[in-house]
Amino acid sequence: MTANSTSQKPLRLGMVGGGNGAYIGNIHRIAARQDRAWTLVAGAFDVDAARGHAFAISEGLDPARSYDDFKAMIAGESAREDRIDAVAICTPNFTHFPIAKAFLEAGFDVICEKPLTATLEDAVALETLVRNSGRFMGVTYTYSGYPMIHEAKHMVATGQLGKIRTVQVEYPLEWMATAIEMEGNAQAAWRTDPKKNGRGGSIGDIGTHAYHLAGFVSGLKLQSLTADLATFVDGRALDDNAHVMLRYEGGARGLLWSSQVALGSSNGVRLRVFGEKASLTWFQEQPNELVHARLNGRTEIIKRGADDLSEGAKARTRTPPGHPEGYLEAFANLYAGFAEAIRAKREGREPTAIGHDIPTAYDGLKGVAFVEAVVDSSLASDQPWLTPLAV
Ligand code: NAI
C-alpha cells in the first residue's frame with residue numbers, strides 16, 4: 001500500500017496559526033489534503049482575529065468555524081458533533097505549549113510544530129500530559145517523512161551497516177546571513193527573540209531537525225555532547241551557527257552542524273552514517289536516492305520506488321522511480337501517518353506501516369532537551385576546544 005491509496009473518509013483538521021503570509025501553515029495544508037487523509041474545516045489562523053477570519057474565508061471555510069483565537073476554537077469545536085479530529089499548531093515556538101495544553105486538556109489530538117516548546121520545563125509538562133491523557137500528539141519533524149530515510153533506518157536496524165561508528169548530520173541555510181530580523185522579516189523577528197523562540201537560535205530552529213534525523217536513522221541514543229555556538233550577525237540575540245560533537249550510548253560518535261548563515265545553502269540537509277560494514281549518505285536535494293558504500297566493495301545508489309525496498313519506504317512512495325518526489329510528499333507522509341495512528345488508536349488495532357515510526361511528543365521533548373544541553377554546553381568553560389595550542 002502506498003501513502004495515497006486510502007479509501008477512508010478524511011479526518012477533520014483544525015489549524016492554529018498558519019494564516020496569510022505565514023510560512024509553514026500552507027505546507028501543512030498541502031500535506032494534509034494530499035492523500036485525502038484530512039480536510040481542513042476550522043481554524044484560528046492568525047494572532048490578529050480579523051486577518052484570521054479573512055484568511056478562513058479565502059480558504060472557503062464555514063465562517064462559523066473561523067474563530068477569534070484558540071480558546072474560542074476549543075469552545076466552539078467542543079460543542080459540535082462533527083468536531084475536529086485533531087488540531088495542527090503552526091505558530092511561533094513560545095505559543096505551542098499553551099495552545100497544545102489547552103487542546104489536549106479539552107480532549108483533542110494534536111499535531112504540533114517543532115521545536116515542541118520554547119523551554120524544557122514546558123516540554124516535560126506537555127509530554128507528561130500527552131502520556132497521561134492518552135491523546136495522540138504528532139510532531140512535524142519533516143525529514144523523517146522521506147521514504148529513503150525510512151529505507152536508511154531499516155538498513156541500519158537490520159544490521160546492513162554493522163555496528164555504527166560515526167554519524168555526520170548537517171542543516172545549513174543562508175536566509176539569515178544578514179540582519180533580516182531588523183528589516184521587517186516576520187519569520188526572522190520572532191526566531192531571534194529568545195522569549196518567543198527559546199534559548200537556541202539555529203540549533204532550535206533547524207538543529208532539532210538534524211538531531212532527530214540522526215537519531216531516527218541510526219537508532220542511537222545520545223549520551224552527552226559538547227557544543228560551540230556562534231552568533232555571526234551583529235546585534236543578533238541568539239546563535240546563528242552551531243557545531244555539536246555527539247557521544248552516543250555504545251561508543252558511536254557524531255557531529256552536527258546547523259547554520260542560518262551558510263551562503264549558498266538552501267535547506268541542504270545531509271546525513272551520513274558510517275558503520276563497520278558500510279555507510280549511507282542522504283542529501284535532501286536528491287531525496288529519492290540513498291548512497292550505500294560497502295567496505296572494500298561497490299558503491300550503489302538505491303532509488304526510491306525500487307521493488308526490494310522496506311515496507312516503511314514503500315508505504316511512503318507514490319510514484320514509480322524516476323518521477324521526483326520531495327518535500328511536500330515527505331510532509332504528506334507525516335500527515336498520512338498521523339491519520340493512520342489516530343485511526344488505529346480509536347479502533348484498538350496496530351497501525352499499518354505508514355503509521356509506524358512517526359515523530360511524537362517524546363521526540364519533541366528530546367529535541368528541546370537537546371537544545372538546552374547544547375546551549376548549556378556552549379556556555380560552559382571546560383570544553384575541549386578551549387585548550388590552547390602550544391604553537
Ligand atoms: P510564521 O511567523 O510565518 O507564522 C506564524 C503564524 O502564527 C502567523 O500566521 C501568526 O499570525 C500566527 N500566530 C501567532 N500567534 C498566534 C496565536 N496565538 N494564535 C493564532 N495564530 C497565531 O512562522 P513559521 O515560519 O510558519 O513557523 C511556525 C512554526 O513552524 C514554528 O514553530 C517553526 O519552528 C515551525 N516550522 C517548522 C518547519 C518544519 O520543517 N517542520 C519549517 C518552518 C517552520
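Q: Which elements are included in what covers the buried residues of helix 5?
A: This is a predicted model, and in it the buried residues of helix 5 are Asp122, Ala123, Leu126, Glu127 and Val130. They cover an arc of only 125° around the axis, which puts them on the same side of helix 5. What covers these buried residues includes helix 4 (93-105), strand 5 (137-139) and helix 12 (361-379).

Q: Which exposed residues does helix 5 carry on the face turned away from its buried side?
A: The buried residues of helix 5, among them Ala123 and Leu126, lie on the same side of the helix because their arc around the axis is only 125°. The face turned away from that buried side carries the exposed residues Glu121, Thr128, Arg131 and Asn132.

Q: How far apart are the end C-alpha atoms of helix 5?
A: Helix 5 takes in residues 120-133, which are 14 residues, and at 1.5 Å a residue they should span 20 Å. The model agrees with that expectation, since the end C-alpha atoms of helix 5 are 20 Å apart.

Q: What is the omega of the peptide bond from Lys114 to Pro115?
A: Pro115 is found in the loop between strand 4 (109-112) and helix 5. Most peptide bonds are trans, whereas the bond from Lys114 to Pro115 is cis. Its omega is near -15°.

Q: Which elements do the buried residues of helix 12 pack against?
A: Helix 12 has 19 residues and reaches 27 Å from its first C-alpha to its last, close to the 27 Å expected at 1.5 Å a residue. Its buried residues include Leu365, Val368, Phe370, Val371, Val374 and Val375, and also Asp363 and Lys366. The elements that the buried residues of helix 12 pack against are strand 4, helix 5, strand 5, helix 9, strand 7 (222-230) and strand 8 (241-248).

Q: Which residues make the contact between helix 6 and helix 9?
A: By class, the contact of helix 6 with helix 9 has six nonpolar, one polar and one charged residues. On the side of helix 9, the residues that make it are Leu213, Phe216, Val217 and Ser218. On the side of helix 6, they are Ile149, Ala152, Lys153 and Val156.

Q: What is the phi of Asp357?
A: Asp357 lies in the loop between helix 11 (327-347) and helix 12, and with 18 C-beta neighbours inside 10 Å it counts as partly exposed. Most residues other than glycine have a negative phi. Asp357 is not a glycine, and yet its phi is positive, at about 55°.

Q: Is Asn296 buried or exposed?
A: Asn296 lies in the loop between strand 12 (289-294) and strand 13 (299-303), and its phi is near 50°, a positive value in a residue other than glycine. Asn296 has 4 other C-beta atoms within 10 Å, so Asn296 is exposed.

Q: Is Gly18 buried or exposed?
A: The place of Gly18 is in the loop between strand 1 (11-17) and helix 1 (24-34). Not counting residues up to four places away in sequence, Gly18 touches Ile24, Gly25, Asn26, His28, Phe45 and Cys90. A count of 20 or more other C-beta atoms within 10 Å makes a residue buried. Because Gly18 has 26 C-beta neighbours inside 10 Å, it counts as buried.

Q: Which residues does Gly235 touch, not counting residues up to four places away in sequence?
A: Gly235 lies in the loop between strand 7 and strand 8, and with 9 C-beta neighbours inside 10 Å it counts as exposed. The C-alpha atoms of Gly235 and Met182, which are 53 residues apart along the chain, are separated by 9.3 Å. With residues up to four places away in sequence left out, Gly235 touches Ala179 and Met182.

How values were computed. Residues are numbered from 1 along each chain as its sequence is written. This is a predicted model: local features need pLDDT of at least 70, side-chain atom pairs count only at pLDDT 80 or more; totals for chains, interfaces and linings use all residues. Two residues are in contact if their C-beta atoms, placed from the backbone, lie within 7 Å. Helices (H or I, at least four residues) and strands (E, at least two) are DSSP runs, numbered from the N terminus. Ala, Val, Leu, Ile, Met, Phe, Trp, Tyr, Cys and Pro count as nonpolar, Asp, Glu, Lys and Arg as charged, and the others, Gly among them, as polar. The expected span of a helix is 1.5 Å times one less than its number of residues. A residue is buried if 20 or more other C-beta atoms lie within 10 Å of its own, exposed if 12 or fewer, and partly exposed in between; C-beta atoms are placed from the backbone. The arc is that of the directions from the helix axis to the C-beta atoms.
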